Amino acid sequence: MLHGVDLEVEHGEIMALLGPSGSGKTTLLRLAAGLEPLQAGTIELPGQTVTPAACSAPEDRPTCLVFQQHALFPHLPVADNIAFGMEAPASTAARERVDELLSRAGLAGLGARYPHTLSGGQQQRVALARALAPSPAVMLLDEPFASVDVLLVRQLREEARLLLKETGTTTLLVTHDPEDAMLLADRIAVIVDGRIVQLGTPRALWTEPAHPFVAEVIGERQLLNGTWSDGVVDTVFGPVAGLPAADLASGATVKLAIDPRALAVERMPGGAGRVTDVRFAGRRTLLRVEAQGEVLHVELPASWQTVTGDLESAPGDALATPGFPVGASVSLTFAPSVVLLYA
């Protein structure tokens, strides 16, 4: 269920709806498409106002919806799939439009092919071109890359953004993937429990997350529970001091959002944390540190990485961090300037 959603998408803008499963983002998209009845409020579309009393059918709206599944017609070649929703699809103008979209979508020369002969990425581009063919005023994308091979996703994101920008199509995109939102959208509306908790550019959401979900998913920070007491937050890993003043009662439960690079770790017998895993991650090493059921990941720079042991006899543990073996007791120190507090 949606609560008090007020959202305006500018002409030619790509707006992403990002949120966890069940947050209401797909419901909002389906309301715009006409697949769900509007129970309250209004939806302003180009040349049309939708209300509970005047809820037009999907085919009567200036919108086009692209689902997760491509839903291409298997018995039609690519060119006919793209032309399907156009007026007079066999006309010269329609065929010229199809050729233009095939070229823009990187599908030139594939018009006579059938969908089953194309890769998943090519099928997704056909679905997008088909949606663009009638020149809809508003494009609605529902998790458009969810069924695409992960190796193709980056390329398809860029191609889709360029195609939508070249055609000047106003777009509303639903995704649970923060990379989709960050790399495709001009602005992002984050929805949690049916409410928009933050709306802004990718940069604004990254630098100033207004909600713990935004800090965790967009800002790549870790959440840690704590208790506020006289300007200090007590956590299972130790106290965090030096945070900005907050108007909170002593004993209030809070959440901290912590950048893994802002944690300093020290080997210390009897320390509050215990190293439960060490992972090599290319340019960095990640320590998984646990205390009383809470977990933090500490990111160490590449200079800490070294090869120890025999690669053949212990392939899983061969890349380790000196001084921090699994099981070691450690103490964590927080840099308060990059710790965010949420009441």
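Modeller: In sorting lining residues by class, Ala, Val, Leu, Ile, Met, Phe, Trp, Tyr, Cys and Pro count as nonpolar, Asp, Glu, Lys and Arg as charged, and the others, Gly among them, as polar. This is a predicted model, in which local features need pLDDT of at least 70 and side-chain atom pairs count only at pLDDT 80 or more, while totals for chains, interfaces and linings use all residues. Residues are numbered from 1 along each chain as its sequence is written, and side-chain values use heavy atoms, with hydrogens and water left out.

On a 1 Å grid over the protein atoms alone, a pocket is an open set of points with protein on both sides within 12 Å along at least five of seven lines, a cavity is a set where a 1.4 Å probe fits but cannot get out, and lining residues have an atom within 4 Å of a point. Points are joined across faces, edges and corners, and a volume is the space filled by probe spheres set on them. Helices (H or I, at least four residues) and strands (E, at least two) are DSSP runs, numbered from the N terminus.

The largest pocket has a volume of about 960 Å³. Its lining comprises 32 residues, and those nearest its centre are Val5, Leu7, Leu28, Thr42 and Ile43. Two or more lining residues come from each of helix H1 (25–33), strand E2 (43–45), strand E5 (138–142) and strand E6 (170–175); H1 gives the most, with four. By class, 18 residues of this lining are nonpolar, nine polar and five charged.

The second largest pocket has a volume of about 340 Å³. Among its 17 lining residues, Cys64, Leu65, Gly85, Arg130 and Ala131 lie closest to the centre. Strand E4 (63–66) and H4 each supply at least two residues of this lining, and E4 provides the largest share, four residues. Here 12 residues are nonpolar, four polar and one charged.

The largest cavity holds about 110 Å³. Its lining consists of Val66, Ala105, Gln124, Arg125, Leu128, Leu141, Pro144, Phe145, Leu156, Glu159, Ala160 and Leu163. The lining of the largest cavity has nine nonpolar, one polar and two charged residues.
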